[in-house]
Amino acid sequence: MSERSERTTDTAEPLDRADRVDSATEVFVAHRNLLFTVAYEMLGSAVDAEDVLQESWLRWVGVDLDTVRGERAYLVRIVTRLALDRLRALGRRKESYVGSWLPEPLLTAPDVAEDVELAESVSMAMLLVLETLKPTERAVFVLHEVFDLEYDEIAEAVDKSPAAVRQIAHRARAHVAARRPRGIVSPAETRAALQAFQRAVETGDLQSLLDILGPDVVALSDGGGVMRAMPQPIVGAGKVARLLASGWYKRGVERSFEPVQVNGGPGLLVRLDGEIDGVLAVRVENGYVTGLYHVRNPEKLSRVERETAVSR
């Protein structure tokens with residue numbers, strides 16, 4: 001064999017490997033936003049979702065693409081299996097979490113709110129409902145109800161039979177239906193409620209707060225044991241209004257509230273002396289604020305200065 005032939009033979013395999021990696025990369029990037037959304041809805045943590053995506057990518061580049069029938073479903077299976085492993089580990093960590101645990105908030109693009117099902121699925125309220133499901137129930141619910149995967153596809157992802165998955169899905173739907181937020185709110189109604197709430201919070205006017213808060217409003221805050229936060233949920237318009245009207249923030253500092261889209265819904269980015277102090281996600285129903293989710297844990301605020309793309 002000539003020297004030229006030897007060089008050609010030696011470089012053929014690396015080039016072929018590079019081509020396969022390029023092809024795998026192209027497919028993965030095309031589905032990345034969807035895969036992130038799957039992992040995030042299962043975990044409630046963008047940091048952990050990104051870790052799952054990184055590990056999924058490493059596994060994906062080792063797959064022979066010629067053997068893959070449906071790339072989307074195959075990738076979702078990889079992500080689901082890894083997210084389930086991490087979800088079980090997270091459950092043990094949350095048992096020792098200081099105070100109320102809230103999902104990591106995401107700043108989302110305005111068009112996410114236009115997809116009602118997607119916006120609800122990533123909302124703070126829904127993510128907290130999903131927290132009450134067992135890991136496999138959560139995976140089955142997310143994959144079937146949000147991402148429209150068939151039962152046989154989900155069965156491969158969660159290592160159950162299609163019949164078992166069908167039963168799990170029925171149980172999870174009933175569980176979620178009993179706890180999910182009610183009703184669909186128009187964008188105009190949401191904007192009006194958020195504007196009224198923002199004015200009331202900025203002025204600290206007790207009556208204005210009472211006028212916009214629903215009678216059974218629930219307020220939760222997450223400081224992660226690092227920042228001051230309510231140790232328990234506060235329930236009822238009177239209690240929440242008094243909390244917001246009185247020493248909710250340190251005195252002697254300049255505070256501002258910037259309207260933003262948080263997890264597909266209305267919210268306020270809170271700054272103290274120009275520095276981000278937290279995110280306040282707001283749930284609106286029938287023209288009233290019925291849920292407040294205040295995240296101050298610094299470890300959960302890495303994605304509140306730029307939009308995060310979510311899709312299904």
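Before I go on, a word on the model: it is predicted, so to speak of local features we need pLDDT of at least 70, side-chain atom pairs count only at pLDDT 80 or more, and totals for chains, interfaces and linings use all residues. Numbering runs from 1 along each chain as its sequence is written, and side-chain values use heavy atoms, with hydrogens and water left out.

Back to our asparagine. Where does Asn 263 lie? It is in the loop between S3 and S4. Helices and strands here are DSSP runs numbered from the N terminus, with H or I over at least four residues for helices and E over at least two for strands. The phi of Asn 263 is near 50°, a positive value in a residue other than glycine. For background, most residues other than glycine have a negative phi, and most peptide bonds are trans.

Now the strands around that turn. Strand S3, residues 255-262, pairs with S4 in the antiparallel sense over eight bridges; two strands pair if DSSP finds at least two bridges between them. Two residues separate S3 from S4 in this hairpin.

How many of the eight residues of strand S4 are buried? Seven are, so S4, residues 265-272, is largely enclosed by the rest of the structure.

On its other pairing, S4 runs antiparallel to strand S5, residues 275-285, over six bridges. Leu 268 faces Leu 280 in S5 there, standing opposite it. This hairpin too has two residues between its strands. Asp 273 lies in the loop between S4 and S5, and its phi is positive, about 50°, although Asp 273 is not a glycine.

Strand S5 carries on the story. Eight of its eleven residues are buried, so S5 is largely enclosed by the rest of the structure. S5 also pairs with strand S6, residues 288-295, in the antiparallel sense over seven bridges, and Ala 281 stands opposite Tyr 293 in S6. In the hairpin of S5 and S6, again with two residues between the strands, Asn 286 takes a positive phi near 55°.

Let's move to the rings. The structure holds three aromatic pairs, and I'll show you two of them. Rings of Phe, Tyr and Trp (its six-membered ring) pair if their centres lie within 6.5 Å; planes under 30 degrees apart count as stacked, over 60 as edge-to-face, and the rest as tilted. Phe 36 and Tyr 40 are stacked, at 6.0 Å centre to centre with 10° between the planes. Why are these two separated by about one helical turn? Because they are four residues apart in helix H1, residues 3-43. Phe 36 is buried at 2% relative accessible area, and Tyr 40 is buried at 0%.

In the other pair, the ring centres of Trp 60 and Tyr 74 are 5.8 Å apart and the planes are at 55°, so this pair is tilted. It links distant parts of the chain, with Trp 60 in helix H2 (residues 46-60) and Tyr 74 in helix H3 (residues 71-94), 14 residues apart. Trp 60 is buried, at 0% relative accessibility, whereas Tyr 74 is partly exposed at 24%.

Axes are lines fitted to C-alpha atoms, for helices over the stretch in contact, and angles run from 0 to 180 degrees between N-to-C directions. The axes of helix H6 (residues 135-146) and helix H8 (residues 162-177) come within 9 Å and cross at roughly 90°. That makes H6 roughly perpendicular to H8; angles under 35 degrees count as roughly parallel, over 145 as roughly antiparallel, 65 to 115 as roughly perpendicular, and the rest as oblique. Residues in this meeting of H6 and H8 include Val 140 and Phe 141 on the H6 side and Ile 168 and Ala 172 on the H8 side, with contact meaning heavy atoms within 4.5 Å.

Helix H7, residues 151-158, packs on H8 too, at an angle of about 95° with the axes 8 Å apart. H7 and H8 are therefore roughly perpendicular to each other. Thanks, everyone, and I'm happy to take questions.

Conventions
Buried means under 20% relative accessible area, exposed over 50%, partly exposed in between (1.4 Å probe, protein chains only).
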